[in-house]
2 protein chains.
Amino acid sequence: MTPADRAQLALLLEVAGTPKPGNVDRERDLAGLRFEQFLAGAVGAREGLELAESGPVGEAFEAAVSGMADASGTNTQFGCLLLLTPLVRAAARARASAGDLTPDDVSAVVENTTVSDAASFYCAFEHADVAVQEPPADAEALDVRRGADAIPDLREQGVSLYDVMELSAERDANAHEWTTGFPRVFRAAERIEAADGPLADRAASAFLGLLTEAPDTLVVTQHGESVARDVMARAYDLRNAPREEVSAFADDLAERGVNPGTTADLTAAALYVALERGIAVEGGISTDSGVTVDE
Amino acid sequence: MTPADRAQLALLLEVAGTPKPGNVDRERDLAGLRFEQFLAGAVGAREGLELAESGPVGEAFEAAVSGMADASGTNTQFGCLLLLTPLVRAAARARASAGDLTPDDVSAVVENTTVSDAASFYCAFEHADVAVQEPPADAEALDVRRGADAIPDLREQGVSLYDVMELSAERDANAHEWTTGFPRVFRAAERIEAADGPLADRAASAFLGLLTEAPDTLVVTQHGESVARDVMARAYDLRNAPREEVSAFADDLAERGVNPGTTADLTAAALYVALERGIAVEGGISTDSGVTVDE
């Protein structure tokens, strides 16, 4: 498989993992957001993921988001793709020198992004409806909601995509990964590599673990800090709970419309890193995913 | 989306459709065969599906099967790919002349296959474990289980891939499609196009409809003609039944290890044709797939 293959598989395994409280998974659709839209989004993102193997990160990201939105009819995986694009680029480079994908590899990629990468990132917001917070008072010219209109300001200020991420790193978990060597992604990847069983089940476990670490950015944006802290605390209490209790939590969040989507982004990125580092889908009898029937 | 995109999406929508009695679906794994293996198979088949847009059908099919087997660790979609490969080729040609994909287009593709296509088809059996029936007594030299060893005999007899399919057309539903203009695939595609709702649900309905039409080839191969006829009759009785009754039938077939896999192949191909002819994944509130929660 190529890096683009693995990135596409990571998107598919992420959405298949269940229970993933508050998110679309193999067992749950959400209002206005269906499982099959995530399948289509993973197909549509493909061309951009292939471009990420060798092309500029910003252009690859915009192509991936545009293809995702065309195929799924909505925003299914914007945040996932923001993490995957530089990881795919870093993995393609690491493979060319026969090395494993490391945090240093992806740091080198993001630190070398340019104003053009930033411009493509802003254009990507014109393809999909993305929930974002208000920009800092001194950075209104760089509000991502301006889309391509912000490009002259980007060019005038000489702002790279890395710089854009730095502006949001304190309040956006994906931007924080970008500017700190993807620490939560690589730690979660290690847990996925060390675990046993179907990869979709490992994805669900990784999701719950990531949810205990920090307030989910999308939940903060949509419901405020205290709801996000409550979700984090409940996830912590459930970290060793039986599956039924996690499923009940999943149903509760879905009913309340509380969607920790940024934690799903981190999960997809962690799956990707683990796939690059050698885990693979395997056969055998499933014991805890879906309805399993022994012959 | 490209023809390869649509073919990949058809593979994903097919496995997501539920209930699909006797097959892996969004709600069911089978013994030794998991949902995530089908996701991986669809990713691995990608390169071959792209090749099918412009390259020889046999070579594209072998590449798709090889990639599928590498990624999934098993045979998830051999039959699907046998139908999809010439359909992708025909669609790419039809699009180049701005026409809709028709039975005549795909007939032209399969009728023009060569001995080299047949050789690649035989090589594909070396990548995956495929359940096949005994060959006719006068065609033992062309037994597909010989794999690449049969190639000298193919060349000596001047047998094209179309000729190989004609040898099996009476007892193999996929070979029958190949040699008769894909009639069941195109009829099922029309039903999918005419239906409403999520595409995965339409796939499940199309599967049940196809199951009523003829004994499933894989069930005949693994369990004999009478079991296959019984499955067909039960599907006929359930064609307007409530979802719970179809689900009970699905659980029963899974418990008995009765897998109408050839009917799933036809379903994937029908989804592909419908996608080529204009259906698309759409948003909106799901009412009958998975656990749906309204905000």
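Let me begin in chain B, where L13(B), E14(B) and A16(B) of helix α1(B) meet L199(B), A200(B) and A203(B) of helix α12(B). Contact here means C-beta atoms, placed from the backbone, within 7 Å; helices are DSSP runs of H or I with at least four residues, strands are E runs of at least two, and both are numbered from the N terminus. By class, this contact has five nonpolar residues, no polar ones and one charged. Nonpolar covers Ala, Val, Leu, Ile, Met, Phe, Trp, Tyr, Cys and Pro, charged covers Asp, Glu, Lys and Arg, and the others, Gly among them, are polar.

This is a predicted model, in which local features need pLDDT of at least 70 and side-chain atom pairs count only at 80 or more, while totals for chains, interfaces and linings use all residues. Residues are numbered from 1 along each chain as its sequence is written, with chains lettered from A and ligands numbered from 1 in the order in which they are written.

Back to the pair: the axes of α1(B), residues 3-16, and α12(B), residues 199-211, come within 8 Å and cross at roughly 70°. Axes are lines fitted to C-alpha atoms, for helices over the stretch in contact, with angles from 0 to 180 degrees between N-to-C directions. The two helices are therefore roughly perpendicular, a label for 65 to 115 degrees.

Now chain A, which has 16 helices and two strands. Its C-alpha atoms fill a box of roughly 65 × 45 × 30 Å along the principal axes. Of the contacts in chain A with a separation of 6 or more, 72% join residues 24 or more positions apart. Leaving aside neighbours within four places in sequence, L84(A) is in contact with A7(A), A10(A), L49(A), A268(A), A269(A) and Y272(A).

How values were computed: Two residues are in contact if their C-beta atoms, placed from the backbone, lie within 7 Å. Angles under 35 degrees count as roughly parallel, over 145 as roughly antiparallel, 65 to 115 as roughly perpendicular and the rest as oblique.
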